[in-house]
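Colleague: I have a model open and would like to learn how to read it. Can we go through it feature by feature?

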Amino acid sequence: MSTCLPLADPDTVAVLSPDPSGNDPWVWGEAARLDRLRLLDLRTGAVKTPDVFQGRHVAELAERPGGGMLAILTQESAVPDPGELRPRLHLFDTATGEVRELGAAAVSARSLAWWEGPDGWHVAYVARTPPGLAGGNAVMDVALSDGEHRNLTEGLPVCPLSLAPGGLALVADGLDSAIYRLDPATRKFSEILPLKGLALWLTAGADGATVAMARSHAHEPLSVFAGPVHGPLVRRGDTAPELRAIEWGAHERLSYRAQDGLELDALLILPPGRSRQDGPFSLVTIVHSGPYARWADQLLLQAHEPAQWLAADGHAVFLPNPRRGMGHGHAFATNGIIGGQEWHDVLTGIDLLVEQGVADPLRLGIAGWSHGGYLAAWAVGHTDRFKRALVIAGISDWGMLAATGELGAFESALGGSTGWEGVGPHPHDERSPISYASAIRTPVLIVHGAEDTNVPLSQAQFLHRALRRFEVEHEFVVYPREGHIIAERNHRIDLLRRTRAWFSRLNGR
């Protein structure tokens with residue numbers, strides 16, 4: 001697969017494509033070929049491959065406004081671990097072939113963008129906030145005048161998602177989103193356009209005056225919006241107009257405090273046409289992935305995020321945003337440990353809904369995908385309050401995940417250790433749901449993709465074997481050909497039907 005970028009020169013296109021030589025496809029881990037930079041001459045069809053960055057994977061590039069200079073991110077490998085751990089930033093002059101090194105970039109660097117300040121040109125990118133592997137994103141900035149990498153978003157209570165020309169940044173802001181703009185004089189970001197709900201994939205004209213992105217809010221499916229950067233943004237097409245004929249469950253925004261006083265937000269979705277006064281309802285809590293992710297105020301119809309699907313079957317659905325997620329800045333994203341305070345944040349929200357008469361304490365279910373699946377498995381090993389659980393692509397053992405998952409170093413940062421750090425006891429054992437499997441009494445539906453490289457199938461097999469050993473009611477479903485996200489239509493339909501049938505038992509059906 002190749003990536004093409006038109007350049008200011010109308011006769012030239014930059015192409016990133018795999019290098020057919022220099023890698024042994026029979027050596028494990030090297031099958032993902034390194035991408036090289038190539039320049040395609042549209043007049044002659046000739047392809048020039050500059051003799052630069054050999055031995056490194058060219059991950060991303062962005063041309064300076066006006067042309068001539070490329071900012072380029074490279075990695076030592078095309079696979080995330082170790083590729084994302086030690087990226088480097090370079091400048092490449094397409095006219096002269098000259099290369100200038102801008103040094104090591106922060107972990108998981110991406111979303112390159114140029115901007116011009118009083119001291120000349122800068123290159124900015126989004127990355128994990130240094131120095132940790134697990135935490136929030138930051139906008140890192142490099143002035144060409146000195147080459148130093150600086151954090152421009154330190155202390156901001158929002159989380160940058162992507163950058164665009166004109167000094168623009170799309171950010172996650174609680175349950176909503178926003179466009180921020182950089183002041184070149186102060187190097188500070190400030191909000192210029194709030195966006196209700198979810199916004200993704202910001203792009204902009206060269207001057208940043210016109211923008212486009214994908215947006216979803218409450219009962220509106222994800223669609224492309226565009227317009228002037230200060231608004232209004234207009235929907236440019238309609239991805240699913242037939243969905244407007246459906247009566248969806250109402251969204252209610254929740255705010256509450258954790259046990260230690262930390263402010264939290266969440267969504268509550270009630271069955272269509274119902275209100276709080278009709279409660280208490282059976283309550284299914286769906287925990288988001290990540291942990292560095294969030295629930296925005298968006299239409300949730302995916303097979304692995306079936307909030308409206310469950311609401312349509314008569315359940316209230318609780319969508320909490322516990323600590324370590326995005327939308328509230330880096331400090332929030334590094335607060336506490338997984339399976340600890342984040343779990344108590346979820347429980348506190350459930351207790352609040354029970355106290356308010358929304359949730360029936362005898363009809364509670366919990367579900368999640370990826371890290372959400374981890375917390376669902378963690379939940380049933382720590383309490384018997386839940387009568388049904390759904391674990392999709394979930395983590396059961398952090399030590400094994402660090403050894404077998406494609407993001408091993410990141411997983412060990414979350415789990416706290418790896419299996420090769422002596423004989424233990426290991427922090428990752430204390431944080432792994434499998435360690436508490438003997439306490440599980442809740443029926444569990446385990447779902448996984450056979451070809452998942454992010455959270456390998458062995459995670460589900462481990463949980464399945466433990467539940468079988470302890471004679472816990474459960475079902476184990478493996479979808480062939482699927483990776484971390486269930487993608488094939490028939491598999492998605494099957495998962496939705498299984499999910500509905502599994503949780504319908506909360507209501508005796």
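Colleague: Which residue takes a positive phi just after helix 7?

Modeller: Gly416, with a phi of about 100°. Helices (H or I, at least four residues) and strands (E, at least two) are DSSP runs, numbered from the N terminus. A word on the ground rules. This is a predicted model, where local features need pLDDT of at least 70, side-chain atom pairs count only at pLDDT 80 or more, and totals for chains, interfaces and linings use all residues. Residues are numbered from 1 along each chain as its sequence is written, and side-chain values use heavy atoms, with hydrogens and water left out.

Colleague: How many of the eight residues of helix 7 are buried?

Modeller: Buried means under 20% relative accessible area, exposed over 50%, and partly exposed in between (1.4 Å probe, protein chains only). Helix 7 spans residues 408-415, and seven of its eight residues are buried. Among them are Phe410, Glu411 and Leu414.

Colleague: What covers the buried residues of helix 7?

Modeller: Contact means heavy atoms within 4.5 Å. The cover includes helix 1 (80-83), strand 10 (120-128), helix 6 (398-404) and helix 8 (427-430).

Colleague: Now strands. In what order do the four strands of the open sheet lie?

Modeller: Two strands pair if DSSP finds at least two bridges between them. The order here is 17-18-19-20, with antiparallel pairing. Strand 17 (198-204) and strand 20 (234-235) are the edges, each pairing on one side only. Strand 18 (residues 210-217) and strand 19 (residues 220-228) share seven bridges. Val211 stands opposite Gly227 there.

Colleague: Which residue in the hairpin of strand 21 and strand 22 takes a positive phi?

Modeller: Gly261, near 95°, in a hairpin with five residues between the strands. Strand 21 (residues 251-257) runs antiparallel to strand 22 (residues 263-269), joined by seven bridges. Arg257 has Glu263 as its bridge partner. Another hairpin is formed by strand 7 and strand 8, again with five residues between them. Its turn holds Gly97, with a positive phi of about 80°. Strand 7 (residues 88-93) and strand 8 (residues 99-104) pair over four bridges, with Leu91 opposite Arg100.

Colleague: How many aromatic pairs does a search of the whole structure find?

Modeller: A pair of aromatic rings is described by the distance of the centres and the angle of the planes. Rings of Phe, Tyr and Trp (its six-membered ring) pair if their centres lie within 6.5 Å; planes under 30 degrees apart count as stacked, over 60 as edge-to-face and the rest as tilted. The search finds five pairs. Take Trp343 and Phe386: centres 6.3 Å apart, planes at 50°, so the pair is tilted. Trp343 lies in helix 4 (residues 341-355) and Phe386 in strand 26 (residues 386-392), so the pair ties together parts 43 residues apart in sequence. Trp343 is buried, at 4% relative accessible area. Phe386 is buried too, at 2%.

Colleague: Where do Tyr374 and Trp378 lie?

Modeller: An α-helix has 3.6 residues a turn, so residues three or four places apart point the same way. Both lie in helix 5 (residues 371-380), four residues apart, about one turn. Trp378 counts as buried at 5% relative accessibility. Tyr374, Trp378, Trp398 and Tyr436 form one aromatic cluster. Beyond four places in sequence, Trp378 touches residues including Gly339, Trp343 and Pro433.

Colleague: Which charged end sits over the ring of Phe225?

Modeller: A charge sits over a ring if NZ of Lys or CZ of Arg is within 6 Å of the ring centre and within 35 degrees of the ring normal. Over Phe225 sits Arg215, 5.2 Å from the ring centre. Arg64 lies over the face of Trp114, at 6.0 Å.

Colleague: Which residues have the most contacts inside the largest nonpolar core?

Modeller: In soluble globular proteins, nonpolar side chains tend to be buried together. A nonpolar core is a set of buried Ala, Val, Leu, Ile, Met, Phe, Trp, Tyr and Cys residues joined through side-chain atoms within 4.5 Å. The largest has 49 residues, and Leu283 and Trp343 have the most contacts inside it. Helix 5 gives the most to this core, with seven residues. A second, separate core has 28 residues, including Ile269 and Trp502.
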